[in-house]
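Here's a quick briefing to read alongside the structure. Take a look at it, then work through the notes below.

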Amino acid sequence: MIDPVDSDDRSAVPNPMIPDHSSIDSLSDCVGEEVTLRGWLYNKRSSKGLHFLVLRDGTGLCQCVVNESAVDDTSWSAADDATRESSLELKGVVGIDDRQIGGFELQVSSAVLIHKAEEYPITPKEHGVDFLMNHRHLWLRSQRQWAILRIRNRVTMSIHEFFQGRGFLQMDAPILTGTAVEGTSTLFEMEYFGRTAYLTQSGQLHGEAMAMAFGKIYTFGPTFRAEKSKTRRHLTEFWMIEPEMAFYDLDGAMQLAEDMLSRIVSDALRDCQAELEVLERDQEPLKRSIGGYPRITYSEAVDILKSEKTAQMVANKIVAIEQEQKDIAAESEEGKAAYGQAKKWQKRKTDAREIEIQRRTNEIEEELRNLPKWVESARQFEWGSDFGGSDETLITWNFDRPIIVHRFPHGFKAFYMKRDPEDDRLALGMDVLAPEGYGEIVGGGERATDLSFLQDQVRAHGLPEEAFKWYFDLRRYGSVQHSGFGLGLERTVTWICGIHHLRETIPFARTLDRLYP
Ligand code: 4AD
Ligand code: MG
């Protein structure tokens, strides 16, 4: 047997650390050198004797110039034949060109067509959301999705770095469970060898057990809610990060949530500039969202919701977006009028802008339909009810950064919440609401520690006591003050990206009406 470490023959084995081709995001190290790029054709422009191929390799885009007089016949016909999303291998010398996307350009010396793509269904023209979601497996290749999902990756890394840096252990909670955590109305049920099992709604209860064993833990896993609601904030399968900490009170949990979010935002601002620019994200609200999150009680939030100031703000907003609607409609008309005489590159620009205008127009129409209803229901809001998505939106419009709302009426909160010792009507829960109307991204609080209180609560919530026997044990053997929360990954990424709907923040969204692809 060959010893893998001491073998003299190792040089014969290709070193997997040195790839035989370059990635577009590393071209700055290769200026003036010949490199090989492998990827897919994102875009192509041609003129006599020249093809300008924009290659996409997942790390970025690079314009690659194929000059008929500088390459052999095979290379030229490869460039000639390449259709959108064909896979290609291009060799050439890297030059700096600030005018080009990515800032570099490849002068191609040889080209290989690896696979010629059939006619690609996603064109630069506008497609409906249903069409795009049905082609999600291909839509992932677009620039916008590139930006969103790379930000998701950065957020994921920030979360791990943040918690690991603070001595938390990552621990996984089971996905198949025997109990409800967040109420029985959104449970996915399944047959489990003759018994009933559920897909987990939250790893919290198992997280509490792990916190009693390890002090500070966090789970990072998929969670499931059979949400019948078709909103822009609901998935049936989403990813939740749930820290749980022994000897933490509500204030400790709120501070931790603020620190974690501040870290996520500042990392994204530092490391995702290219992505945020693709999304045309206004970065000012993000810059303000590093620290200093106001903390208000539920009762204060209700007062804000019902205030004259909020109603006036909505009235102003309606005026502003009606104006915007007129402006972009006019811009769209101008684009159409000039289209006939426009040059090819101008048409491309108009097409791209038209997609943006369409997207925004749809958003505005939706908002104009919604806003009057929202104000009306805010006016009728009664202390003791839960905030709906629109209430959260209206509340957050009063602030310029995330806020933390705490101390909710216990009536609509989960069974495990500790009561406020100062006011028995309240539970020591907290939600972080993201600004700009995004609403709840974190929910959590301090946990009840008393055994008989919890047993009563389980009964009062109509939950099966038998299934919670193990959970009650945590209050039998060294019960201590503890707190935790859950961060919704997709809602957080939606806010950071400044996009409308959370379905684009997960590679393959699962919603009420979507299980394909
Ligand atoms: O507020 P929730 O329901 O809290 C819990 O599940 C607690 N057990 C967490 C804890 O204390 N460990 O959910 C937490 C977060 C929400 O703030 C939201 O960001 C996200 O999970 N979330 C959803 N995201 C997408 N689609 C859904 N249907 C979601 N439901 C909740
Ligand atoms: Mg919640």
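Let's start with one pair: the side chains of Arg141 and Glu85 meet in a salt bridge, at 3.0 Å from N to O (a side-chain nitrogen of Lys or Arg within 4 Å of a carboxyl oxygen of Asp or Glu). This is a predicted model, where local features need pLDDT of at least 70, side-chain atom pairs count only at pLDDT 80 or more, and totals for chains, interfaces and linings use all residues. Residues are numbered from 1 along each chain as its sequence is written, chains are lettered from A and ligands numbered from 1 in the order in which they are written, and side-chain values use heavy atoms, with hydrogens and water left out.

**Domains**
- The chain splits into domain 1 (20–115), domain 2 (138–306 + 381–505) and domain 3 (307–380), with bounds from an automatic or database domain assignment.
- The centres of domain 1 and domain 2, taken over C-alpha atoms, sit 45 Å apart.

**Where domain 1 and domain 2 touch**
- Eight residues of domain 1 are in contact with five of domain 2 (heavy atoms within 4.5 Å).
- The rule finds one salt bridge across this interface.

**Around ligand 1**
- Of the 24 residues around ligand 1, the nearest are Glu182, Gln204, Arg225, Glu242 and Glu440 (a residue counts if one of its heavy atoms lies within 4 Å).
- A polar side-chain atom of Glu242 is 2.7 Å from a nitrogen atom of ligand 1.
- Taken alone, ligand 1 exposes 620 Å², and the protein buries 94% of that (Shrake-Rupley method with a 1.4 Å probe; for residues, only the protein chains shown count as cover).

Conventions
Polar contact = N/O pair within 3.5 Å; in protein donor to acceptor, adjacent residues only side chain to side chain.
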